[in-house]
Amino acid sequence: MGETFRNEPPRSETPEDEKKLTDKQAVGEPERQPTGRQRLIAGLWPPRITRAQLIVAVLLFVLGLGLAIQVRSTSDNSALRGARQEDLVRILDEIDNRTQRLEDEKRRLEDQRGELENSSDQAEEARKQTQQKEQQLGILAGTVAAEGPGITLTIEDPSGTVESDMLLDTIQELRAAGAEAIQVNDVRVAADTHFTGTGGEIEVDGKRVTAPYRFKVIGQPQDLEPALNIPGGVVKTLEKEQAIATVARSERIVVDALRPATRPDYARSSSQ
């Protein structure tokens, strides 16, 4: 016996059926909770900066800046901090010697003033001192030859790495150590001496000089030689450039290269 099927129209859902469906979905699919990463991002952004936190940040910045300056200042003195005890003693001796030279020059000038004030023939004494001063100024200007104790500094430059500024630094170091007359190869060094050019093509006052560079220096050898050998000084700097610097003391150094005496164009003595 066959079954009879009837086509029934779909039954519309009542409000009670919709409520039951909603309750089923609520029970079957619980609400998703945020992950730990999402909670962390939500707590950090947007940033919430309080006044106290801002003050602490500024103080930390100032403290860090002060520490950086202190570290930089300490690193600048690393050459002396890493120096040996005998090198530090040598530097102190050089400073003491410079002070002593200044004191000696002061006493000498005071003695000259006393001789002028007490001499019965002040005109003759003034003339004698004028001649002595002329000789001294001639030595400083390089217009007269000079001789005396000192050193000879020889710089060999097989690699051609010695620059003009290195030779100028050598002159400055020698002057600071009390050098009274200096000659580089066949060029006399004076107050307006200048160095130009690069390694292997160096000129002194417009005159070409080639290696080995030989400095003849008049002064106290016990002051000049240590000044060149201090840590971070001329000799150490040249050695870093693969150059070879040797210093020899002598009781008689002759500086005979001369410079022409020139009259200044504008400067005149204020005593006239």
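Analyst: Happy to. Let's begin with Arg 249 and Glu 225, whose side chains meet in a salt bridge at 2.4 Å, N to O (a salt bridge being a side-chain nitrogen of Lys or Arg within 4 Å of a carboxyl oxygen of Asp or Glu). Arg 249 lies in strand E8 and Glu 225 in helix H8 (residues 221-229), so this pair ties together parts that are 24 residues apart in sequence. Helices (H or I, at least four residues) and strands (E, at least two) are DSSP runs, numbered from the N terminus. Glu 225 counts as partly exposed because its relative accessibility is 22%; buried means under 20% relative accessible area, exposed over 50%, and partly exposed in between, with a 1.4 Å probe and protein chains only.

A word on the source: this is a predicted model in which local features need pLDDT of at least 70 and side-chain atom pairs count only at pLDDT 80 or more, while totals for chains, interfaces and linings use all residues. Residues are numbered from 1 along each chain as its sequence is written, and side-chain values use heavy atoms, with hydrogens and water left out.

By the salt-bridge rule, the count comes to five. Another of them brings together the side chains of Arg 252 and Glu 147, at 3.1 Å from N to O. This pair links distant parts of the chain, with Arg 252 in strand E8 and Glu 147 in strand E1 (residues 146-156), 105 residues apart. Both Arg 252 and Glu 147 are exposed.

Asp 192 forms a salt bridge with Arg 259, and their closest N and O atoms are 3.0 Å apart. Here too distant parts of the chain are linked: Asp 192 is in the loop between strand E3 (187-189) and strand E4 (195-198), Arg 259 is in the segment after E8, and 67 residues separate them. Asp 192 is exposed, with a relative accessible area of 53%, whereas Arg 259 is buried, at 19%. Salt bridges that share partners join Asp 192, Asp 205 and Arg 259 into one network.

A cis peptide bond joins Ala 211 and Pro 212, with omega about 0°; Pro 212 lies in the loop between strand E6 (207-209) and strand E7 (213-218). For context, most residues other than glycine have a negative phi, and most peptide bonds are trans.

Now for the wider setting. The chain has nine helices and eight strands, and buried residues make up 24% of its 272 residues. The average pLDDT (the predictor's confidence in each residue, from 0 to 100) is 78, and 74% of the residues score at least 70. Over residues 1-5 the pLDDT is below 50, and beyond near neighbours in sequence this stretch has zero contacts in the model, a contact meaning heavy atoms within 4.5 Å. Where pLDDT is low, the predicted coordinates should not be read in detail.
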